[in-house]
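Please walk me through this structure in plain words.

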Amino acid sequence: MDSTSAHPPHDRPDATEAPQKRHPASSPASSPELADLRMRLHRSRRQYPDFPSPGILFEDILPFFADPLLHRSLIRALELQVTDSYGQKQTPDVVVALEARGFLFGPSLALKLGAGFVPVRKQGKLPGATETAAFEKEYGKDFFQIQSDGIKPGQRVLIVDDIIATGGSAAAAGSLVKKLGGTLLGYLFILELDFLKGREKLDAPVNTLLSSQEERS
């Protein structure tokens, strides 16, 4: 997760990213069920202005997990998004989630999809042989690692996290999947901070359930 939940207000977009080729936009809701689930989740998330510092708007997805019905709705919506995007025959063999909030729903989604679950963690947190990838943060570099036997060559992999902001950490996770010989199907996020253009750093299809740019009703 990269800068994840904290971002500038909508009227102060980040203008540092140069235009690049964009990957396909999030798949539109193809069923009334998915559309209804998205609306339910959209109305339940919270935003906190000036947190953790002035000028930052914090996106809070924790209400999704505090209510068991919302939690179930989230996992079902993610499951439908995957099957709508990749079809029943191209669902992932492995779901890879990023530390830390990706761990809140990654294992549950993997179980629903009949896939394995593999975590990507900060450097030094995983035992045994690992692969490492660097990514840029606001105040310097950080490093992600994955266990070297976590993905077998040719396995189809979906990378998930709570929010896509600048895209750096997700791109690092994608590079780890490829180092292990996995086939990267794409990325799936609950929320996207559109104005940060993070998807432009990713070299596989990107899908999100919600957008932070939407007006809340």
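## How confident is the model?

The mean pLDDT of the chain is 87, and 83% of its residues reach 70 or more. Here pLDDT is the predictor's confidence in each residue, from 0 to 100. This is a predicted model, in which local features need pLDDT of at least 70 and side-chain atom pairs count only at pLDDT 80 or more, while totals for chains, interfaces and linings use all residues. Residues are numbered from 1 along each chain as its sequence is written, and side-chain values use heavy atoms, with hydrogens and water left out.

Two stretches call for caution. Over residues 8-29, pLDDT stays under 50, and the model has 44 contacts beyond four places in sequence for them; contact means heavy atoms within 4.5 Å. Over residues 213-217, pLDDT also stays under 50, with 13 contacts beyond four places in sequence.

Two packed helices are described by the angle between their axes and the distance between the axes. Axes are lines fitted to C-alpha atoms, for helices over the stretch in contact, and angles run from 0 to 180 degrees between N-to-C directions. Helices (H or I, at least four residues) and strands (E, at least two) are DSSP runs, numbered from the N terminus.

Helix α1 (residues 32-44) packs against helix α3 (residues 68-86) at an angle of about 135°, and their axes are 9 Å apart. The two are therefore oblique to each other: angles under 35 degrees count as roughly parallel, over 145 as roughly antiparallel, 65 to 115 as roughly perpendicular and the rest as oblique. The crossing of α1 past α3 is left-handed, meaning that the near helix is turned anticlockwise from the far one by less than a right angle (clockwise would be right-handed).

On the α1 side, the residues in contact include Leu-34, Leu-37 and Leu-41, and on the α3 side they include Leu-70, Leu-74 and Leu-80. By class, the residues of this contact divide into seven nonpolar, three polar and five charged. Ala, Val, Leu, Ile, Met, Phe, Trp, Tyr, Cys and Pro count as nonpolar, Asp, Glu, Lys and Arg as charged, and the others, Gly among them, as polar.

## Helix α3 against helix α4

α3 also packs with α4, at an angle of about 55° and with the axes 10 Å apart. That makes α3 oblique to α4, and α3 passes α4 in a right-handed crossing. Ile-75, Leu-78, Glu-79 and Val-82 in α3 meet Ser-108, Leu-109, Lys-112 and Leu-113 in α4. Five of these residues are nonpolar, one is polar and two are charged.

## An aromatic pair

How many aromatic pairs does a search of the whole structure find? There are four. Rings of Phe, Tyr and Trp (its six-membered ring) pair if their centres lie within 6.5 Å; planes under 30 degrees apart count as stacked, over 60 as edge-to-face and the rest as tilted. The rings of Phe-103 and Phe-117 have centres 6.3 Å apart and planes at 85°, so this pair is edge-to-face. Phe-103 lies in the loop between β4 (94-98) and α4 (106-113) and Phe-117 in strand β5 (residues 116-122), so the pair ties together parts 14 residues apart in sequence.

## Backbone details

Most residues other than glycine have a negative phi, and most peptide bonds are trans. The bond from Phe-51 to Pro-52 is cis, with omega near 5°, and Pro-52 sits in the loop between β2 (46-49) and β3 (57-60). Asp-50, placed in the loop between β2 and β3, has a positive phi of about 60° although it is not a glycine.
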